[in-house]
There are 2 protein chains.
Amino acid sequence: MRVIVIGATGTIGKAVADAFAVRHEVLRASRHGEVKVDIEDPDSIRAMYREVGRVDGVVSCTGHGAFKPLGELTDEDLDFTLRNKLLGQVNLVRHGVDHVSDGGVFLLTAGIFSQRPIPGVPALAIANGGLECFARAAALDLPRGIRINTVSPPFIDETAKKMGFVGGMPAAENAMWYLRLLEGTETGEVVFPE
Amino acid sequence: MRVIVIGATGTIGKAVADAFAVRHEVLRASRHGEVKVDIEDPDSIRAMYREVGRVDGVVSCTGHGAFKPLGELTDEDLDFTLRNKLLGQVNLVRHGVDHVSDGGVFLLTAGIFSQRPIPGVPALAIANGGLECFARAAALDLPRGIRINTVSPPFIDETAKKMGFVGGMPAAENAMWYLRLLEGTETGEVVFPE
């Protein structure tokens, strides 16, 4: 399969791109990468798809949001989280459909805070929950046998340690769940690596 | 309890307000109602809370979104759905916290298309899923024992019939689930009336 990984320089995305590269052709996209894209800008998304041509898989491992408790969230925090993590990934699908081959697949990245929050994550929970339910619904509308699934990873070990937590799931282990969904038959599913 | 119902003139909201009124003091808010509020406008939300003073419950039965398949959704459809159904209700919580008494409760309204979509509902699924996960996360951040839950109603009979479907759950039956959550102890729950 010919697959574009968006966010391929991040902790999750690099591991996913490396896992795919063992047996697929991988195009690595990010803000300053080999293929350039800013998911907050629909024109940038459209330019990326024109540049790369037809792909069999679009795998989004990108998206940022505000990590703040409810009482400290500003309008700007919410707006940023919705524009970046949520709408950025939704727009990768909306503008990508015509560039994905028959029977191709979209994979989006939400996160465990949708279903198992900790204090201080209401904005991320909105984005994650929106993405999970978007993919489930969009699966019913996509043409030509195109599939779509969301992965909601747990705390990733490399990230958790940087944030002072004791640890989590290694990025390489998490990446195997993406590989399985890339090559599988599921659609409209939300997958929680564990 | 002294409870404000937002969207009290809608099909769900009127039934909820009527169910509450049997044994609670109910303030009915809507765009052109007894208490006026436009949930898309944070200033209007703040003015509503100043007008009504302290309440024990804030129950949102409002929120509109685009009912269109993925391929027909415009940027404006998505923006409207996020501003109205999703952020409108999130802002009822953010700006309401200081007006709710200790141990009070917020109830939000999402909808079944989050978990059980039909074709043509990706925008509504985003809003509904975002609300469900927002409430689950916000429950961990709210002060003074304030609770928050989301109700995700099925197709309501009165609405379904207007749209040409054969039927659904009567609004009065759905309203009893809101009454139970108003008077109960749950927090951070997503409830699917059935």
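## A helical pair in chain B

B:Arg46 and B:Asp43 sit three residues apart in helix α2 (residues 42–52) of chain B, so about one helical turn separates them. Helices here are DSSP runs of H or I with at least four residues, strands are runs of E with at least two, and both are numbered from the N terminus. The two side chains form a salt bridge, with the closest N and O atoms 3.0 Å apart. A salt bridge means a side-chain nitrogen of Lys or Arg within 4 Å of a carboxyl oxygen of Asp or Glu. B:Arg46 is partly exposed, at 32% relative accessibility. Buried means under 20% relative accessible area, exposed means over 50%, and partly exposed lies in between (1.4 Å probe, protein chains only).

Helix α3 (residues 75–94) of chain B holds another such pair: B:Asp79 and B:Arg83 are four residues apart, about one helical turn. Their side chains meet in a salt bridge at 3.0 Å, N to O. B:Asp79 is partly exposed at 39%, and B:Arg83 is partly exposed at 35%.

## Basis of the model

This is a predicted model: local features need pLDDT of at least 70, side-chain atom pairs count only at pLDDT 80 or more, and totals for chains, interfaces and linings use all residues. Residues are numbered from 1 along each chain as its sequence is written, chains are lettered from A and ligands numbered from 1 in the order in which they are written, and side-chain values use heavy atoms, with hydrogens and water left out.

## Salt bridges in chain A

Over all chains, the structure has 24 salt bridges. One of them joins A:Lys68 to A:Asp77, with the closest N and O atoms 2.9 Å apart. A:Lys68 is partly exposed, with a relative accessible area of 28%, whereas A:Asp77 is buried at 13%. A:Lys14, A:Asp18 and A:Arg28 are linked in a salt-bridge network.

## Where chain A meets chain B

Contact (heavy atoms within 4.5 Å) links 33 residues of chain A with 34 residues of chain B. The area buried between the chains is about 2,700 Å², and carbon and sulfur atoms give 71% of that area. Buried area is the accessible area (1.4 Å probe) that two parts lose on being put together, summed over both. On the chain A side, A:Leu70, A:Arg94 and A:Asp141 lose the most area to chain B, together 24% of what that side buries.

Two salt bridges are counted between the chains. A:Arg94 and B:Asp75 meet in a salt bridge at 2.8 Å, N to O. α4(A) gives the most, with ten residues.

## The nonpolar core

In soluble globular proteins, nonpolar side chains tend to be buried together. The largest nonpolar core here has 78 residues, and A:Ile4, A:Phe106, A:Ile148, B:Ile4, B:Phe106 and B:Ile148 touch the most other members. Such a core is a set of buried Ala, Val, Leu, Ile, Met, Phe, Trp, Tyr and Cys residues joined through side-chain atoms within 4.5 Å. Beyond neighbours within four places in sequence, A:Phe106 contacts residues including A:Tyr49, A:Leu92 and A:Ile148.

A:Val59 lies in strand β4 (residues 55–60) of chain A. A:Val59 is buried, with a relative accessible area of 0%. Setting aside neighbours within four places in sequence, the contacts of A:Val59 include A:Ile4, A:Phe20 and A:Leu107. A:Val59 and A:Ile148 are 89 residues apart along the chain, with 9.8 Å between their C-alpha atoms.
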